[in-house]
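Biologist: Hi! Could you walk me through this structure while I have it open?

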Amino acid sequence: MARGTRGITRRAFLGGAAAAAGLLIVPRHVLGGPGQTPPSETFAVGLVGCGGQGGEDVDTYIRGDGAAHKMLAVCDVDRGRMEAAMRKFGETCQGYADFRRLVERKDLDVVSVATPPHWHALISIAAMQAGKDVLCEKPMTKFIAEGRAVANAAKRYGRVFQIGTAGRFGAQKSPRSRLIHKILRSGLLKDCRGVWIHRGGFNVRGYCGRVNLAPEPVPANLDWNMYCGPAPLRPYSSHRFGWSHRYYWDYEGGGLADLGHHYMDPFQWVYGKDDTSPVEVEAYAPPAHPEACGLWGWVELRYADGLTLVLDGAEWGKPYDRKAPRHVEPTDLAPEDLKKVEAMPDPEPLLTFPEAVRSRKQAGGHAEASHRVATILHLSNIAIRMGRKIRYDPVKEQIVGDEEANRLVNQPMRAPWHL
Amino acid sequence: MAETDKLKAILDALPGPNAQGTFADLDKDKVEWAIPEIAKGGAAFVVGLVERLVEPGKGDDVKAHYALHALAVHLSGLEDDKPRAEFARTVAAQLAGDRPPGVKQYLIQQLQVAGGAEAVAAIAPFLADESLCETAALVLVAIGQGAAEALRAALPKVPPACRLVIVQNLGAVRDAASVDALRQALADADAQVRLAAAWGLARLADPGAVEPLLKAADAEGWERFRATEACLTLAEGLLAAGKKAEATKVLTHLRDTRTDPAERHVREAAERALVAGT
């Protein structure tokens with residue numbers, strides 16, 4: 001196994017075991033002090049992925065929720081990005097080229113995963129196997145089976161997982177949203193005629209990948225093999241790296257995957273679908289390219305209870321006109337059933353990441369919910385890529401009756417990586 | 001019109017990329033006309049497309065590249081399976097030709113889209129090809145039927161660079177007939193091969209793997225995490241198979257040996273599994 005760069009610190013190596021220990025381990029009890037945030041509120045964090053979103057999640061979900069953090073370690077397959085992150089986070093921050101060395105550290109409480117999505121599941125699982133709680137950028141995963149594996153790991157190891165989107169926290173504040181949530185969770189609504197249409201905001205054309213990429217020399221700073229990781233090893237192209245990785249099936253899934261997680265997270269909470277997935281998916285799109293994400297018009301998804309969800313790209317092709325939007329209304333219930341729902345307690349407030357870590361309960365954006373959100377996006381992309389209606393079993397988490405489409409549910413990974 | 005001219009005419013009508021190199025201006029109707037037209041040409045047109053493919057960066061094969069994939073997807077969705085099977089056999093047959101590795105890789109990947117058991121025999125030899133073994137193994141696993149036999153047969157013969165790929169994918173397909181080979185691989189000099197073998201044996205819930213996996217889980221760092229995970233997976237599988245004594249041995253060991261506060265999560269995982277299994 002090639003070992004990544006060992007901890008690089010800008011502090012000169014002073015020699016001696018005590019000094020070495022001081023460089024490598026920052027005990028939690030020294031991170032507080034008189035007049036400062038109590039040690040129990042200060043999270044020792046390791047960041048994997050030092051690009052555009054690197055560090056954002058710790059600011060939003062730790063500092064933004066009233067706790068403090070100290071970035072002790074950063075990791076990136078691009079040496080330039082790693083070193084820039086080390087400079088940003090200060091002298092006590094060490095750099096790694098291989099996330100496996102980062103998760104081996106015993107002094108980290110949290111790993112923040114901000115790589116491209118094809119690495120999200122593997123690094124999240126590894127961090128949890130190593131006893132860390134996880135902040136993970138959206139979309140949670142690249143394919144459906146990854147999400148199940150992450151949720152299983154969180155459960156097995158009792159770890160806290162929070163996805164990098166928080167729309168449901170806002171949604172839960174609305175009394176009407178809470179009522180709709182209760183209606184859907186009550187089981188009393190037998191035939192849901194709700195139609196939720198999300199129109200626009202996917203930047204469909206902007207996220208089209210290039211179909212004529214030519215190989216380029218791999219930059220000296222970049223470990224391209226490690227960047228590809230579980231994804232197919234293709235000739236390097238600068239368009240497959242950095243922001244534009246989003247435009248390629250190997251790493252993400254276009255604007256639908258990148259932006260859809262933000263839109264679908266509150267929807268899924270409001271409509272009480274955190275533990276299930278659509279059963280039928282149909283897309284309107286041109287035949288897809290094998291590597292580059294491309295155009296799509298809309299995707300219609302239907303849940304078993306009748307709820308319809310439409311993702312309308314609103315940029316290309318004929319507009320969606322099959323169904324009109326329709327809210328779920330309290331009057332959809334019989335009066336006596338509505339009374340039962342109104343008498344039900346409101347859903348428990350969603351816990352912030354610091355609250356979840358302290359209490360060891362699930363964070364609001366926990367792994368199971370995030371997996372189900374990502375499943376909406378992946379099913380949509382599968383329907384786009386296969387050009388036909390997809391039927392899905394949300395319990396077995398398999399596509400039904402379409403072997404070739406089902407191959408996109410659990411995509412084999414390059415060794416040594418596996419779920 | 002000669003066959004090659006007909007195919008050329010269809011490809012000429014197929015939209016190409018825009019000035020930015022994307023399909024952001026693609027005409028859906030033109031594509032949806034072209035692909036069934038290509039399908040009508042059968043094996044001859046498939047070969048015609050393959051002959052237009054080039055190694056990445058060595059020429060412009062954008063349309064043939066796209067058309068072959070779109071054809072694979074189209075045929076895989078038809079009620080009648082014969083056209084898909086014929087496509088798969090035709091593409092598989094092209095692997096035997098003298099084509100650049102990048103082209104062969106692409107052909108194998110299209111068999112992941114539309115290939116079935118009929119393609120396995122053509123893909124299997126590439127398990128011993130250092131530049132293509134990864135692609136071949138992953139596509140065989142995706143196809144499923146016949147994959148285990150092909151991987152198992154390949155293991156004793158592949159060069160060292162392909163060994164990890166084969167071992168890992170024997171675990172991916174849960175090949176019970178490879179238990180002995182996987183047990184041997186637990187002692188491999190390469191740590192990644194050892195971990196792949198441990199993962200595979202855990203997925204097979206092999207009772208014979210209890211002792212070696214517990215020993216492997218005594219490693220440090222990354223190996224310890226992965227081998228411990230394999231132990232927990234093994235225990236789960238053993239419990240499901242009714243092998244409670246073996247599962248209890250694994251879980252009790254983990255519970256009792258993970259005394260470092262940094263491994264409390266493992267101890268607790270083992271405790272929960274013990275409670276769930278009793």
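Biologist: Is Cys228(A) buried or exposed?
Modeller: Cys228(A) counts as buried because 21 C-beta neighbours lie inside 10 Å. Buried needs 20 or more other C-beta atoms within 10 Å of the residue's own, with C-beta atoms placed from the backbone. This is a predicted model, where local features need pLDDT of at least 70, side-chain atom pairs count only at pLDDT 80 or more, and totals for chains, interfaces and linings use all residues. Residues are numbered from 1 along each chain as its sequence is written, and chains are lettered from A and ligands numbered from 1 in the order in which they are written.

Biologist: Which helix holds Cys228(A)?
Modeller: Helix α9 of chain A, residues 224-228; helices here are DSSP runs of H or I with at least four residues, numbered from the N terminus.

Biologist: New topic: how many residues does each chain give to the contact?
Modeller: Chain A gives 39 residues and chain B gives 45, with contact meaning C-beta atoms, placed from the backbone, within 7 Å.

Biologist: Which elements of chain A give two or more residues to that side?
Modeller: Those are α5 (120-129) and α6 (144-157).

Biologist: How do the axes of α5(A) and α6(A) cross?
Modeller: At roughly 10 degrees, coming within 9 Å; the axes are lines fitted to C-alpha atoms over the stretch in contact, and angles run from 0 to 180 degrees between N-to-C directions. So α5(A) is roughly parallel to α6(A), a label for angles under 35 degrees.

Key: Two residues are in contact if their C-beta atoms, placed from the backbone, lie within 7 Å. Angles under 35 degrees count as roughly parallel, over 145 as roughly antiparallel, 65 to 115 as roughly perpendicular and the rest as oblique. A residue is buried if 20 or more other C-beta atoms lie within 10 Å of its own, exposed if 12 or fewer, and partly exposed in between; C-beta atoms are placed from the backbone.
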